[in-house]
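I opened a new notebook page for this chain.

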Amino acid sequence: MPPHRPFHIGCPDPEQCRIDRRALSLWPRLDRRALARCHHDPACVVRLVGRRTSLPPTAVWSLLTAPLISATESETWFG
């Protein structure tokens, strides 16, 4: 199986692929074909991840849709 590409073919905006990249970084053994069938729909990705984790769906949703932080914010929070 080819590796998951960070930017999918047909994505007009790379921001749409952010949820897929985050899901794969948090759950690396996630089924890539099933993830591709979700078509970047957060609710579908939450259901897919819900089969692999004991976290409640609201926690998975929060993890997947959390805003990105900048390097300066990271330095402020974590030193």
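My entries below go from the whole chain to single residues.

**Ground rules.** I am reading a predicted model, where local features need pLDDT of at least 70, side-chain atom pairs count only at pLDDT 80 or more, and totals for chains, interfaces and linings use all residues. I number residues from 1 along each chain as its sequence is written, and side-chain values use heavy atoms, with hydrogens and water left out.

**Whole chain.** I looked up the elements and found 5 helices and 0 strands. Helices (H or I, at least four residues) and strands (E, at least two) are DSSP runs, numbered from the N terminus. Read from that end, the order is α-α-α-α-α. Next I checked burial. Of the 79 residues in the chain, 25% are buried. Buried means under 20% relative accessible area, exposed means over 50%, and partly exposed is in between (1.4 Å probe, protein chains only). The chain exposes about 5700 Å², and carbon and sulfur atoms supply 58% of that area. Such areas come from the Shrake-Rupley method with a 1.4 Å probe; for residues, only the protein chains shown count as cover. I also looked at contacts (heavy atoms within 4.5 Å). Among those with a separation of 6 or more, 40% join residues 24 or more positions apart.

**Helix α1.** Which residues of α1 are buried? I noted R18, I19, D20, R22, A23 and L24. Their cover includes α2, α3 and α4.

**Helix α3.** Here I listed C44, V45, V46, L48 and V49 as buried. These buried residues pack against α1 (18-26), α2 (32-37) and α4.

**R18.** I picked this arginine from helix α1. Is R18 buried or exposed? R18 counts as buried because its relative accessible area is 18%. Leaving out residues up to four places away in sequence, R18 touches L64, T65, A66 and L68. I also found a polar contact (a pair of N or O atoms within 3.5 Å; within protein, one must be able to donate a hydrogen and the other to accept it, and residues adjacent in sequence count only if both atoms are side-chain atoms). In it, the R18 side chain reaches the backbone oxygen of A66 at 3.1 Å.

**T65.** T65 counts as partly exposed because its relative accessibility is 30%. Beyond four places in sequence, T65 touches R18 and R22. A polar atom of the T65 side chain lies 2.6 Å from the backbone oxygen of W61. I also checked P42, 23 residues away along the chain: its C-alpha atom and that of T65 are separated by 7.9 Å.

**Cysteines.** How many disulfides does the whole structure hold? My search found 0 (a disulfide is a pair of cysteine sulfur atoms within 2.5 Å). C17 is buried, at 0% relative accessibility. C38 is buried too, at 6%.

**Surface patch.** L26, L55 and L63 make a nonpolar patch of about 230 Å². Patch residues have over 30% relative accessible area and no salt bridge; like charges are joined within 9 Å, nonpolar side chains (Val, Leu, Ile, Met, Phe, Trp, Tyr) within 5 Å. A salt bridge is a side-chain nitrogen of Lys or Arg within 4 Å of a carboxyl oxygen of Asp or Glu. I found L55 in the loop between α3 (42-50) and α4 (57-65). L55 counts as partly exposed, at 36% relative accessibility.
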